There are 6 protein chains.
Amino acid sequence: MRILVANANTTVAITELCAAAARAAAAPGTTIVAATPRFGPAVISSRAENIVAGHALLELLAEHAGQVQAVVLAVSHDTALEAARQLMPCPVVGMTEAACLTACLVGGRFGLLTLGGVETYRELIGRHGLSARLSGLEGLPLTPQDAVRDPARAEALVLEGIGRLAEQGADAVVLGGAALAGLAAKLAARSPVPLLDGIACAVKLAEVLVALDLPKPRAGSLAPAASGRESSGLSPALAALLRG
Amino acid sequence: MRILVANANTTVAITELCAAAARAAAAPGTTIVAATPRFGPAVISSRAENIVAGHALLELLAEHAGQVQAVVLAVSHDTALEAARQLMPCPVVGMTEAACLTACLVGGRFGLLTLGGVETYRELIGRHGLSARLSGLEGLPLTPQDAVRDPARAEALVLEGIGRLAEQGADAVVLGGAALAGLAAKLAARSPVPLLDGIACAVKLAEVLVALDLPKPRAGSLAPAASGRESSGLSPALAALLRG
Amino acid sequence: MRILVANANTTVAITELCAAAARAAAAPGTTIVAATPRFGPAVISSRAENIVAGHALLELLAEHAGQVQAVVLAVSHDTALEAARQLMPCPVVGMTEAACLTACLVGGRFGLLTLGGVETYRELIGRHGLSARLSGLEGLPLTPQDAVRDPARAEALVLEGIGRLAEQGADAVVLGGAALAGLAAKLAARSPVPLLDGIACAVKLAEVLVALDLPKPRAGSLAPAASGRESSGLSPALAALLRG
Amino acid sequence: MRILVANANTTVAITELCAAAARAAAAPGTTIVAATPRFGPAVISSRAENIVAGHALLELLAEHAGQVQAVVLAVSHDTALEAARQLMPCPVVGMTEAACLTACLVGGRFGLLTLGGVETYRELIGRHGLSARLSGLEGLPLTPQDAVRDPARAEALVLEGIGRLAEQGADAVVLGGAALAGLAAKLAARSPVPLLDGIACAVKLAEVLVALDLPKPRAGSLAPAASGRESSGLSPALAALLRG
Amino acid sequence: MRILVANANTTVAITELCAAAARAAAAPGTTIVAATPRFGPAVISSRAENIVAGHALLELLAEHAGQVQAVVLAVSHDTALEAARQLMPCPVVGMTEAACLTACLVGGRFGLLTLGGVETYRELIGRHGLSARLSGLEGLPLTPQDAVRDPARAEALVLEGIGRLAEQGADAVVLGGAALAGLAAKLAARSPVPLLDGIACAVKLAEVLVALDLPKPRAGSLAPAASGRESSGLSPALAALLRG
Amino acid sequence: MRILVANANTTVAITELCAAAARAAAAPGTTIVAATPRFGPAVISSRAENIVAGHALLELLAEHAGQVQAVVLAVSHDTALEAARQLMPCPVVGMTEAACLTACLVGGRFGLLTLGGVETYRELIGRHGLSARLSGLEGLPLTPQDAVRDPARAEALVLEGIGRLAEQGADAVVLGGAALAGLAAKLAARSPVPLLDGIACAVKLAEVLVALDLPKPRAGSLAPAASGRESSGLSPALAALLRG
C-alpha cells in the first residue's frame, strides 16, 4: 500500500519530519510517499496562507491521483481536507482530524495543545462536529523556533499545559502542529493521559480505510462533481482531475 | 466610498451580474469596483473548485488592497471569507453571511433556498455559528442553465420552495447562489416572507462597516500575522500582503 | 429617513445620551427622533423591571407607528424586541442584537463587557441564537454611578476587562449597557480588538433595513396577528395597533 | 397551602377553566386562589400581547405577594416567568415549563402539540434549555373557537397529531394552550404516550417547591434587585415590590 | 402511597441514610420502603461498578414490582434510570435527575458540587439534555471518609465550592453524592443560592408522578418490550419482568 | 495480536456471525477470540436487557483481561463501552462507535439504519458527542426474523432506507444491529453512499489502537479506580479486576 504524506507548506524539512513520523507509524507493507507543494507559504500561520496552501496541496495531490491508495494531509489545520476527499479517487485523512477521532476512542473528552493561538483549532474541531468532545485548548506562548532552541524548556511547558488540560477534564491530549511532531512518544511516560500524534493517527486510519475498501460516494456532498468542469490557469493534473 | 465586488470564479458574466446588483443596492456615494480572478474554475460546484477559487480570490483582493474601503465577496460559499478579513486592511463581507445576518434582523428563524445540493450551505451556516437560526434548506433540482432557459418555471419552483420553507418555520428566506441574483426583488410581492439577496445585503453591510470606522483587530484570530512571512510562487501583490 | 430611538426606562438623561450617540452615527439624511416611555422603571436592573419596561416601550412605539421609517431600541436588554418587530409596520433593531451581529462581521468569536451581572446577557445572546459566537462575558464590579464619579478608574477597569476577553478568544468586544455609551470610540485606540457600541451599530443596521425596503412577513412567527384583537386598559395607540 | 393561579389575559372564563383544572390537581390541603389581570389582551396571540400581558401579570402577582405560598402562571407562553420568580417572595411555576419538566421524568424526548403556530413554543423550549429533549412540535390548523364548536373533530385531530409526534420519537406529549386544558385526561386512554397538562403539572410542582421550603437566591440572576428602585406609573403594589 | 428508595450499592448504612432523608421529605401519607441490592460494589466509584450496580438495582426493583407506587433511585449517578423506567410498571425517578429538574424551577443555570471527579456528572447532565442549564461543576478533593472524619472542614470546603459556583453564574447548586446527603438543609442559611438534595427532590417528584396518575407509554423508546423475551441466569423476579 | 470479540447477549449464533465478520476484516497477524456471556438476555431489545447485558459483558471481559491485546464489543448499543474501557488493561472499541467514527472519515454527515426503533441509537450517538454529524435515522419495520425469512425483501427495504437517508444529506450510512451484519459488503455496489459495518470498523480501529501502543490514562474519568474496591456476588475475575 502506498500512502501519500502531503505537506501543505513549502518547507521540505517539515515534509521530511512528517515522512519520518509516518514511516515510524506505518505497517510493514505500507510505503510512505512524501511530497511538498510547488508553491505557497513556507509556514502556515495565517488564515490567508492556509487558503493558498489549500490550492497548492490540491495541485500536489492531483499529481499523485491514481498512484497512491490513500492520502495523509501533513498539516495540522486539515487544510482542504473535505475538498481533497471529494476530489481524490482514494481515501484522504487529516492529521488533526485523525488525532481527534482517535482521542474519542481513548476517553471521554480530549484537550488540544499547540504553539501559539488556539482559536483556529477551536473552529477546526467545530468543523469536524466534535466540539462536544473538546474539554479545552492550550496555546503555549512559544514559537517553533523557541522549541528548537531550548527543547528541554519546551517539553517542560508542554507537560505543564498537558497537566492543565487534564485538570480541566481531558482524558487524552492531541498535540497540534508540526513543531510538536514526535513529542507524543517522547513524553508519553511523563503524561497523566495519552498523547496523540496527528501523523501517526492519520497513517493508521488511512491504512484502515484502504483495508475496508469502501467505495467513494456516488451521491451527496462528497460525490464527484459532474464531469466537464472548466477552469483556467491550473496545473494540468489538477485541471484534468477537476474536469472529471 | 469604493467597494470591491470580487467574484471568485472566472466567468465575467457573473461578475457583471453581481456588479449590477451591487450598484442597484449601493448608496449614492458608493462606487462599485467589480473584478474577476485571473485563474480558477469557471463556476464553483465542487469543494475543490471552492479551495482553488479561494486562492484566486485572495490574489485578486491583494491587487486592490489599499485602493478600496471595503470588499464584498460575490460568491455564495463565502469563499476564503475569514482569510480575506484577516488579510485585507479594510472590512470584508460575504454575501451569504450578509444575507443570513440580515435575516436575523427580520425574524426568528430563516430558510435558505438554492439550486442543487444544500449540504455545503448547511456547513457554511454552521461555520457562521448560525445553525440555531436556520429553519431548513431547500435545494431545487434545477441547474442554472435550466433557470435561464425557462425562467417562468424556475420562478414557480422557487416560490414553491419558499412556501415549503415558510411552512417549516422560516420567517425569512435567503436566496443562495448567483443564478438567483435579482430574484429576491422580483418575487418579493409573491412571497409570504421577506427574501434576502446576498449581494444587496453585503453591499449595505459593507457600507455600515466603513461608516463605523472600526480598527482592525491587533490581537486574536483575525490579527495580522507577524511580518516577514515567506512564500513562493504567489502573485507579487499577494506575496507582499502576506509578507506584511 | 426618520429613525425612532426609543429608550425603555423613564430617565430622560439616558434618552438624551442615546440620542446623541445615534445622531453621531446616523447618515446625513437620517433624522433621529428620541423618545422616553410614559411610565416604568427609572433604570432596568431586574427581570421584572424589564417586563414592565417592555409594555412601556410598546406603548411608546405605538405612538410613532407610521411616522418613522425604523426603530432602534435604546436598551441593552433588547427589551420586547421580537414583539416590537411583529407589531410595528417598520424595521426594529435592538442595540445589543445589532452590536453582536456587527461583531460577527468583524471576527470569529466576540466577548461582551458590562457593569454588574452577566447572566441575563448570556441568556440574551442565547435568545439571539449566537451562543456559538460568544467567547465570554465580563461583568465589572462597578455601578453606573461609580463610572460617572471616577471615569478614569472606570476606563482602566474596562480596558482590563477587554484584555481578559481578548485573551479568552474574543476578536471583538460588545460594550453592553447605557452607562458605557460613547466609550467604544473613546477607547478604540487603546483596545487590542474592535469595540462595538450598540446604539451606533443599531442606527446603521436600521438604515440598512430601510434601504433594503423588505416587506414585512405575511406568514410565520413575525406575521401580524389576525385583526380584531381585543384588549383593555391599554393606551389608545397601542390598543389600535394591536387591533390591527 | 394557598397557590395563586394567575391568568395573564383578561378573559375570566379562561381563568375559571384553569382554576378548575388546578383544583382537580391540587392536594387536599391546597387552596387555589384564581385571579385575572386588570388590563391587557383578551387572548394572547401575538408577541406584543404577550409583553403587555407580562406587565399585567406582574401587577396581579404583586397584589398577592405575601398572601400565597406559591404562584402558578396559567398562560402557556410562561409569560414573565423568570421575572415573576425574581420578584415574588415565593416559588413561581410556569405551566408549559412544568409540563416539559414533567415530560422529562416520563421518557426520553417529548413533543408539544398546540393550536396554531409553533415557533414561539420552539423558542420557549429553547429559553428553558430543553431543546435537546424536544422531538417535534405539531400546530393544528384549528382555532380555539373551532375546538369549542366541534369538539369531536378537534379531539380526532389532536389524536392524529399525537400519533405523528409519537412516530417522530416523542415518549410523551405536552398539550400547550388553554384551549386544550382538560384534554390530557380525556384522551389519555386513546393516546399511545402519556399526555401532560400544564396546569396540573404546575400545581403539583408548586406544591413540591413549597414542601422543599428552599430559600430564595440571595446572589445570582434571580436574587432580588437592590432596594430603593424607582419607577413611575405602576400600581402601588407592584411599585412597592420593585422598590424592595 | 409506597415509594421504594433503592440503593444501588451494597452498603446498608448508605441505604439507611437515604431512607432517613427520604422519610424527612415524604408527605404524610407516603411510606418509604428502603432496599439494598443483593450483590455488587460496596460503593460506586468507577464506571464498571456503575454498570454492575445497574444490574443489581434492576434485580432489586423487580422484586418490588407491583408492590410500590413509585421508585426513587438512591444513587447519584442515576444508574439504570431509563431502563428502570421502561421496566417497572410505576414511575421511577433518579436523585440527580430530580435535583437538576428542581434546580430548573428555581433559577436560570445551576451548578453541581460533589466529592471527587466531575466528568461523569457532566456526562450525566448531558444524558439528561440539561447541559444548557449547567453553569459549572465543582469536584472537591475530599473522600467521603474525609468528610466523616472532619465534618467542619468538609462543610467549609463545600461552602467555598458553592461560592465559586455562584460566582460562575449558578442560581442554585445541586449537591451530588450520598456523602453530601443532609448537607443541603444544614448549609441552606449560609449559602447564597438554594441547595438541592437529590433524595428530597426525588421523593417529592415521585409523589407528583403518582398523583398525576399518568399511563405508562405504549409506544416509543420507553414502551414495554414485546413479551416473550428470553434470558438466562437472572433472578426469577427480573427474568419474569423482562419476559413481560 | 489477539482481539476479543465479545457478544453481549447469550445467543451463540450471533457471536459466531460476528466472529466471522471480524475474521473477514482482521489483518493477517490478528487472531479473533470470540466469546459469549454466561448469563443475560438472548437478544437485547429493551433498556433493561441492555443494562443486564452490560454486567454480563464485563464479567466476560474480566475473564480475558491480560490475555488479549484489544476488545471489540459485538453489540450495536455499545453496551458498557466506557466502563469496559476504564476497566480493561487494553483498548476497547464499540461497533457502532467505530462505524460512526469511520463514517466521519468518509464524508460530512452520516445516517444510521437499523431494524425497529431508532431513539436509543439517537441517544447513543449523542452520548458519543456526534449528533452534529448525524443526518438522520431510519428504523425499518422489520424484525430480525423477517430479515431471515425473506432476505430479498429485507435487502430491498434496506436499500430504500439508504436512499431516503442519502436524500436527507447522508454521505455515508452506518448499518446498526447484528441482523444487518454482512449486508454492508453485499449491498455496497447498489448503494449511492458507502455503507459501514460495525464489526469490520471496530476490528480495524482496535488494530490501530494496539499499533499506536498508547498508555492507559492515569488521570481523568477513564483512569483506573483506586485499588482496594470491595464488591460481593460478582465472578471472581470481575471482582479481582475491580479490586485493582
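This is a predicted model: local features need pLDDT of at least 70, side-chain atom pairs count only at pLDDT 80 or more; totals for chains, interfaces and linings use all residues.
Start with A and B. Chain A superposes on chain B by a rotation of 180 degrees, with 0.0 Å of shift along the axis and an RMSD of 0.0 Å. That is the relation of a two-fold axis. Now the contact itself. It takes 36 residues from chain A and 36 residues from chain B. Which elements of chain A give two or more residues to the side that touches chain B? They are strand S3 (40–41), helix H2 (47–64), helix H3 (81–87), helix H5 (119–127) and strand S10 (231–232). H2(A) supplies the largest share, nine residues. Sorted by class, that side of chain A has 13 nonpolar, 15 polar and eight charged residues. Of the interface residues of chain A, 100% are also interface residues in chain B, so the copies meet through the same surface.

There is also strand pairing across this contact. S3(A) is joined by two bridges to strand S10 of chain B, residues 231–232, and the two strands run antiparallel. If you want a residue pair to look at, take Gly40(A), whose bridge partner in S10(B) is Ser232(B).

Next, the sheet in chain B. Strands of a sheet pair through backbone hydrogen bonds, either parallel or antiparallel. This sheet is open, has four strands in the order S7-S6-S8-S9, and its pairing is parallel. Strand S7 (134–140) and strand S9 (195–197) are the edge strands, each pairing on one side only. On average, neighbouring strands are turned by 25 degrees against each other, ignoring direction. Between S6(B), residues 110–115, and S8(B), residues 172–175, there are four bridges in the parallel sense. Within S8(B), Val174(B) stands opposite Leu112(B).

Last, the helix pair. Helix H9 of chain D packs on helix H9 of chain E, residues 198–212 in each chain. The angle is about 150 degrees and the axes are 10 Å apart. Over 145 degrees counts as roughly antiparallel, so H9(D) and H9(E) are roughly antiparallel to each other. The crossing is right-handed.

Which residues meet there? From H9(D) we have Ala200(D), Lys204(D), Leu205(D), Val208(D), Ala211(D) and Leu212(D). From H9(E) they meet Ala200(E), Lys204(E), Leu205(E), Val208(E), Ala211(E) and Leu212(E). By class, the residues of this contact are 10 nonpolar, no polar and two charged.

That's the last part.

Note on methods: Residues are numbered from 1 along each chain as its sequence is written. Chains are lettered from A and ligands numbered from 1 in the order in which they are written. Axes are lines fitted to C-alpha atoms, for helices over the stretch in contact, and angles run from 0 to 180 degrees between N-to-C directions. Angles under 35 degrees count as roughly parallel, over 145 as roughly antiparallel, 65 to 115 as roughly perpendicular and the rest as oblique. A crossing is left-handed if the near helix is turned anticlockwise from the far one by less than a right angle, and right-handed if clockwise. Two residues are in contact if their C-beta atoms, placed from the backbone, lie within 7 Å. Ala, Val, Leu, Ile, Met, Phe, Trp, Tyr, Cys and Pro count as nonpolar, Asp, Glu, Lys and Arg as charged, and the others, Gly among them, as polar. Two strands pair if DSSP finds at least two bridges between them. Copies are superposed by least squares on the C-alpha atoms of residues with pLDDT of at least 70 in both.
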